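Subject: Structure for your files

Dear colleague,

Here is the structure I said I would pass on. My notes on it follow below.

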Amino acid sequence: MKKRNIYLKTLPVSEALRLTMEALDRDRLVGRETIPSHQACGRVTAQAVYAVCSSPTFHSAAMDGYALKAESTFAAREGRPVRLLKGSQCAAVNTGHPLPEGMDGVLMIEKAVRDTDDAIELETPVFPMQHVRRIGEDIVATELLLPQNRQLSPYDVGGLLSAGIWEVPVWEQLRMAFIPTGDEVLDFTTRPSPRPGQVIESNSQVFAGLAAAQGCLFTRVDPVPDNEEALTAAVREAVNGPNHVIVIGAGSSAGSKDFSRSIIEGLGQVLVHGIDLMPGKPSILGVAGGKLIVGAPGYPVSAVVCFEELLIPLLSWLSRKTPPVRPIATVELSRKVPSKLGTEELVRLAIGRVGEKLVATPLGRGAGMLTTLIRAQGVTRIPVDSEGAEAASMVRAELLVPEAELDQTLVVVGSHDNILDVLGNELMGLPRPVRIASSHVGSMGGLTALKNRSALMAGTHLFDEDSGDFNFPFFRKYLPGLDVACVNLAIRHQGLIVAKGNPLGIIGVEDLVRPEVRFINRQRGAGTRILLDYHLRQAGIGPEQVNGYEKEEFTHMAVAVNVLTGTASCGLGIFAAANALGLDFVPLARERYDLAFLPELADWKIETALGLIRSQAFKERIEKLGGYETALTGRIMEPGQGLG
C-alpha cells in the first residue's frame, strides 16, 4: 500500500499565497496578444494606450438651433432684437453637426424670437463657443487614454473606438485545465446512475463557472482513475499544453490513493500542502514547468473554498486584475456556532431581514454538503483564536448575494416539512418574489427563534397530550407574554416509514423493540420526536429499548433516505417523504402543522406567504403530495381547536 501523505505544517492563506507568487514568474507565464478593440471588454491592457484621433474631431453643435458668429449677436437685448440672414449670417444645425466655416456659437432653436424663411431674430446674445463641443473636448489625439494593467469596461471599449484605436494589446486570457480523479467518480456527460460507493463528478463544472467569472478559459479532462501512472500522464500532458493553471480534482488528502502531492513533486515542486482554514485544509499549491498546479480537495465545499481563497487571488494576480471584494454586512446569529481553536473556519449562512436586523442561520458545516453552497447568502469567518460565536451575537458576514435580496428573504426556522419546499418555489414565481431561507432545527428550535426574534415564521407541530391541542400550550409555556399567531399549513399524516413491501412486517411502535429492527430518530426538540416519545409511553416502551433511538436526522426526507438505503429499517416521518421515495408507510397519527409568527414583526413577506397559502391552487398542490389534508390550510388558528 502506498504511504499516506501526512501534512504536518499547515500555513495561513496569506503565507500560502505569498510563497506561490514568489515561485511563479508571472511575466514569463502570461504572454501578451493584440485583439480587436470591440472584443476587449473584460480584458486587461498589457501596455499604455494612446489616442490616435481626437473626439470630437471637429467643432460641433451641442444643441439643435442656429450656428452663427457670436460677435454678431452682442447687441441683442430684450425688446431690441438682432436680425441675422440665413445662409450668410447663420445656418440651421442639429446636435452633432459640424459648425460651418467662420461660425463659433450656437443659438438654441427655442431662443429665436422670430424665425422666417430667410432670417431669424434673437434677443439673447451668444458668447463665443456657447453650445459648442470643441475639437478634442473629450479625447485629444496622442494623449494617454488608458494605462497598462487596466481591466477594460464597456465604457473603455467605447473610448478606444472613439479614439480611433481598432486593436489593443492585452494580457492573454488565463487557461485552466481541470483533471477529475477517483475510481468512484462517474463522468456526468454519460448521465450515469451511481451505485453505492460511486459519485457523479460535478466539481469540474463548479470550477468552470467560477473560472468563467474570473475571465478564465476552462478545459475539463475526462475523469482519471486512482492510478498514479495514468494520473501522472494526464497532469504532464496538461502542463505541456497551453494551460497556465492545472487543477487536480481530489487526491489532495492523506489517503493511500491520494496521489496529487507525489505527482506534483515528481513534475515540479510542492509549495504548500495544507492551509489553516476549514473547510479547504488539504489544498495543495505547487509549480511545474513554470505553471501553477493546484491540488483541490474532493469534497465540494472544500473545493470551492480552495478556489475562492487561493485560486481567485492567484488568478487575479496573474491576470493583473484587482481581486473581487464581497460586500460586508453585520448579522445576528440565530444559534451558537462552536469552533475549534487553532484553525480559521468559514461558516455559510442563510440570511434574511427580521424587523430592523439581519438574522443569519448557520448552515451545515460538512465539507461534502453541496446544498449549503446553494442555500447560502453569506459566509462568516470564525477567527483562528476563537472557540466560536454565541447565539444572538453580532458577526461580520461576507455577502454572496446582492443586499437587496436579503430584504425579500423570509426566514423560516423550526420543524421541517416538504410543503415548505413547495411554498418556497411558489413564492419565487410571484411578480414580487420572496425567497425562503429555512433552517430545520425542530419545533422547539423554531419557538426559540421566535422568542429571540431571529425568525419571521416557525414551523411547529407540537402536540400537548394533556389538552389534546397543538402548539398553543407550548406558546404559553415557552413564549410567555408574547402575542403569537399561527396559520395552519396542513393536517399531515405521520407514521413509520418502512422499506417497500414492509419486509419486516412492522405495524406499530411495538415492533421497534424487536432486535432486528433498526430505527432512525429525529433530533431533540423536533415535534416528530415528541410525538414518538408520546406513543412510546402509551405503549409502555422506554427509549433504551429502541435500537437506534439515539441516531438522529434533521428532516423527514433524511429519515426516508436512511430507510431507502437500508441504513435503518424504519423511522417516524410524514407520508409525503415516504411517497416521494417509493417507500411504504404505516400510519400512526394525524397532526397539525402550523407556521407560527409574531404579528409585531409581520411584514409584506408574511402577508404574501399567507395570501399564497390561502389560495385554492396552493391547497391543490399540497394535496397532490399525498398524506395531507387541507381543511384548515390558510386559517389563523385559535387555542383549543386541535384538529378542527
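How many helices and strands does the secondary structure of the chain come to? The chain has 17 helices and 39 strands, where helices (H or I, at least four residues) and strands (E, at least two) are DSSP runs numbered from the N terminus. The radius of gyration, taken over C-alpha atoms, is 34 Å, well over the 26 Å that the globule rule gives for 644 residues, so the chain is more spread out than a compact globule. That rule is 2.2 Å times the number of residues to the power 0.38. Along its principal axes the C-alpha trace spans about 110 × 70 × 45 Å.

Before the details, two notes on the basis. This is a predicted model, in which local features need pLDDT of at least 70 and side-chain atom pairs count only at pLDDT 80 or more, while totals for chains, interfaces and linings use all residues. Residues are numbered from 1 along each chain as its sequence is written, and side-chain values use heavy atoms, with hydrogens and water left out.

Sheets

Two strands are taken to pair if DSSP finds at least two bridges between them. On that basis six strands form an open sheet with mixed pairing, in the order E16-E13-E17-E21-E20-E18. Its edge strands are E16 (217–220) and E18 (269–273), each of which pairs on one side only. From one strand to the next the twist averages 20°; axes here are lines fitted to C-alpha atoms, for helices over the stretch in contact, and angles run from 0 to 180 degrees between N-to-C directions.

Within this sheet, E20 (residues 284–288) and E21 (residues 291–296) are antiparallel and share five bridges. Glycine 286 has isoleucine 293 of E21 as its bridge partner. Helix H1 (residues 13–23) touches E18, E20 and E21, and its direction makes about 165° with that of E18. Helix H4 (residues 203–213) touches E13 (175–180), E16, E17 (245–249) and E21, at about 170° to the direction of E16.

Another open sheet has three strands in the order E6-E4-E7, with antiparallel pairing. E6 (90–93) and E7 (105–108) stand at its edges with a single partner strand each, so one side of each is left without a neighbour in the sheet. Neighbouring strands are turned by 35° against each other on average, direction ignored. E4 (residues 65–68) and E6 run antiparallel and are joined by four bridges; tyrosine 66 has alanine 92 of E6 as its bridge partner.

Cavity and pocket

Grid points are joined across faces, edges and corners, and a volume is the space filled by probe spheres set on the points.

The whole structure has one cavity of 30 Å³ or more. The largest cavity has a volume of about 70 Å³, and its lining includes Pro279, Val301, Leu346, Arg348 and Thr372. Helix H7 (300–318) and strand E24 (344–354) are the elements that give two or more residues to this lining, with three, the largest share, coming from E24. By class the lining has six nonpolar, three polar and two charged residues; Ala, Val, Leu, Ile, Met, Phe, Trp, Tyr, Cys and Pro count as nonpolar, Asp, Glu, Lys and Arg as charged, and the others, Gly among them, as polar.

The largest pocket has a volume of about 1100 Å³. Of its 29 lining residues, Met369, Thr371, Arg375, His440 and Thr555 lie nearest its centre. Strand E30 (435–440) gives the most to the lining, six residues. The lining divides into 14 nonpolar, eleven polar and four charged residues.

Backbone points

Most residues other than glycine have a negative phi, and most peptide bonds are trans. A cis peptide bond joins serine 55 and proline 56, with omega about -5°; proline 56 lies in the loop between E2 (49–50) and E3 (60–61). Another joins methionine 278 and proline 279, with omega about -10°, and proline 279 lies in the loop between E19 (277–278) and E20. Arginine 453, not a glycine, has a positive phi of about 55° and sits in the loop between H11 (442–451) and E31 (457–460).

Regards

Note on methods
Contact = heavy atoms within 4.5 Å. 1 Å grid on protein atoms, 1.4 Å probe; cavity = no way out; pocket = protein on both sides within 12 Å on 5 of 7 lines; lining within 4 Å.
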